[in-house]
Amino acid sequence: QSLTMSTVYTKAGDRGTSSVYAADGTYVSLPKHSAVFDALGAVDELTSHLGLVLAHLRLLGPPCARTNSGGGGGSSSPPELFATLQAVQRDLFLLCADIANAEHAQEAPAPLPAVTPVEQLEAWIDALDERNPMLCKFVLPGGAGVCSAELHVARTVCRRAERCCVALLDATHTLTAKGIVVRYLNRLSDLLFVCARYVCNNIEKLPEYTT
């Protein structure tokens, strides 16, 4: 469904409140310091960090080209990695629907959005991690390239988003959404860690800094 906005600014939040779309089709006004906006803001921040990762991947090479495992070619972004992170961005927008409705889910439960199954995230983790060297020490973010460092930032933001969502969904007793949202974010942080190592070792081709 397309969204049409006549103007970016609405002035509705000038008094320190904002609105969420409830499952019964109405907008509910809440203070901006509400837990729901902490959770939504963290997920939004994560989506933006992933956008920065994708921008860096484009600079590293054409997203349609695979990493060259031969001796003479340059590095590039594997299409499966680029497409995977774009799929994650879309999933995060879908999860925000559940998060936004958490305060009022008891009143009119809405159908949960169809995000990428956690089992698919696990398959992506396994496929990428097969090409990473064995990890024997803790990784120190920032020792390699910009893209892998930004993936580590995204991983830590994902962990914060997960904590915010746990606090919100526990407080509102939204157990069904918690089972989907928190499980997804928990596995996503693992995926981003593996992606960071994969980019460092296979695309940037730089040594990882470890403890």
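This is a predicted model: local features need pLDDT of at least 70, side-chain atom pairs count only at pLDDT 80 or more; totals for chains, interfaces and linings use all residues.
When I say helix or strand, I mean DSSP runs, H or I of at least four residues for helices and E of at least two for strands, numbered from the N terminus. Over residues 64–76 the pLDDT falls below 50, although this stretch still has 26 contacts in the model beyond near neighbours in sequence, a contact being heavy atoms within 4.5 Å. For the protein chain as a whole, the mean pLDDT is 82, and 80% of the residues reach 70 or more.

A word on conventions: residues are numbered from 1 along each chain as its sequence is written, and side-chain values use heavy atoms, with hydrogens and water left out. Local features need pLDDT of at least 70 and side-chain atom pairs count only at pLDDT 80 or more, while totals for chains, interfaces and linings use all residues.

Let me turn to helix α3, residues 118–129, whose 12 residues reach 16 Å from the first C-alpha to the last, close to the 16 Å expected at 1.5 Å a residue, where the expected span is 1.5 Å times one less than the number of residues. In α3, V118, L121, W124, I125 and L128 are buried, that is, under 20% relative accessible area, with exposed being over 50% and partly exposed in between, using a 1.4 Å probe and protein chains only.

Leaving aside residues up to four places away in sequence, L92 touches V43, L46, T47, L50, Y184, L185 and L188.

Finally, where does R131 sit? R131 lies in the loop between α3 and α4, and R131 counts as partly exposed because its relative accessibility is 38%. Although R131 and N202 are 71 residues apart along the chain, their C-alpha atoms are separated by 7.7 Å.

Definitions and conventions
pLDDT is the predictor's confidence in each residue, from 0 to 100.
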